[in-house]
Amino acid sequence: MERLVTTSQAAEILGLSLQGIHYRIKKEQLKSIKKDGKTFVYINDDGKVEDTQTQSKVKSSTTQSTFDAVQAVLDVKNEQIDLLKKSMKWMKKQYISEIFRLEKNQKRIIEVFNSEIKLLQSAFNEMRSIYKPQLESNLKNKIDETKADFISVKDFFVLMKRYNKTEQEIKSMIFNRIKVGDKRFIYNKVEKKLLILNLDFLDLI
């Protein structure tokens, strides 16, 4: 059974604000009339103001809102996925381009090094052809000079025999000279060779 109450009473009975009551009046969810400039609302004794059709509409509206919200989230996610795919594709392209550039530069560097090596080899061969004869000549002269600084043991024996020295005396002389550290007589213990400087031997005659 319906009864007529003021908007304030309707708000109290239904547990709504005055704004909520006026909203439902505007949406024709509550029956209302105006008397003496005041608005009155019809409500049931059990406090129900919405019929089954109205509840169904509200439920349907809520479901649609939820669906729209979910769809909006999915759309945002799809946009993010598409953006990430494009970004990855661009990065892959840049990576391949950079690898290609580095490989190309590496080939150029290797070509330059090979060219430099060939030039150095050519210069080395040219310098060797120019200076090798001169170096060989200098080395030969050095060997000859070295030989001139020494006399053989045989020549030393011949020299001493000219002064009537026997072989035994010459051997003893050499042994004693080595023993006292005479720099004219150099004995190599490792190679067991005797070198005699071509100097003055008058003190031994």
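Guide: pLDDT is the predictor's confidence in each residue, on a scale from 0 to 100. This is a predicted model, and the chain averages a pLDDT of 82, with 83% of the residues scoring at least 70. Where pLDDT is low, the predicted coordinates should not be read in detail.

Some context comes before it. The secondary structure comes to five helices and six strands, in the order β-α-α-β-β-α-β-α-α-β-β along the sequence. Of the 205 residues, 13% count as buried. Among contacts between residues at least 6 apart in sequence, 42% join residues at least 24 apart.

Arg 184 sits in the loop between helix 5 (167–179) and strand 5 (185–188). Is Arg 184 buried or exposed? The cut-off for buried is under 20% relative accessible area, and Arg 184, at 11% relative accessibility, therefore counts as buried. Its side chain has a polar contact with the side chain of Asp 182, at 2.7 Å. A polar atom of the Arg 184 side chain also lies 2.6 Å from the backbone oxygen of Asp 200. Asp 182 belongs to the loop between helix 5 and strand 5, and its relative accessible area of 13% makes Asp 182 buried as well.

Which residues surround Arg 184, leaving aside its neighbours within four places in sequence? Arg 184 is in contact with Arg 177, Leu 195, Ile 196, Leu 197, Leu 199, Asp 200, Phe 201, Asp 203 and Leu 204. Two of these names, Ile 196 and Phe 201, come up again around Ile 151: beyond its neighbours within four places, Ile 151 is in contact with Phe 156, Ile 196, Asn 198 and Phe 201. Ile 151 lies in strand 4 (residues 150–151) and, at 18% relative accessibility, counts as buried. Ile 151 and Asn 198 are 47 residues apart in sequence, yet their C-alpha atoms are 5.4 Å apart in space.

Two loop residues deserve a check of backbone geometry. Most residues other than glycine have a negative phi. Asn 164, in the loop between helix 4 (153–161) and helix 5, has a phi near 65°, a positive value in a residue other than glycine. Lys 192, in the loop between strand 5 and strand 6 (193–197), has a positive phi of about 55° and is not a glycine either. Asn 164 is exposed at 69% relative accessibility, and Lys 192 is exposed with a relative accessible area of 65%.

Last, a helix pair from another part of the chain. The axes of helix 1 (residues 7–14) and helix 2 (residues 18–26) come within 9 Å and cross at roughly 105°. The two helices are therefore roughly perpendicular to each other. Thr 7, Ser 8, Ala 10, Ala 11 and Leu 14 of helix 1 meet Leu 18, Ile 21, His 22 and Ile 25 of helix 2. By class, this contact has six nonpolar, three polar and no charged residues.

Key: Residues are numbered from 1 along each chain as its sequence is written. This is a predicted model: local features need pLDDT of at least 70, side-chain atom pairs count only at pLDDT 80 or more; totals for chains, interfaces and linings use all residues. Side-chain values use heavy atoms; hydrogens and water are left out. Axes are lines fitted to C-alpha atoms, for helices over the stretch in contact, and angles run from 0 to 180 degrees between N-to-C directions. Helices (H or I, at least four residues) and strands (E, at least two) are DSSP runs, numbered from the N terminus. Angles under 35 degrees count as roughly parallel, over 145 as roughly antiparallel, 65 to 115 as roughly perpendicular and the rest as oblique. Contact means heavy atoms within 4.5 Å. Ala, Val, Leu, Ile, Met, Phe, Trp, Tyr, Cys and Pro count as nonpolar, Asp, Glu, Lys and Arg as charged, and the others, Gly among them, as polar. Buried means under 20% relative accessible area, exposed over 50%, partly exposed in between (1.4 Å probe, protein chains only). A polar contact is a pair of N or O atoms within 3.5 Å; within protein, one must be able to donate a hydrogen and the other to accept it, and residues adjacent in sequence count only if both atoms are side-chain atoms.
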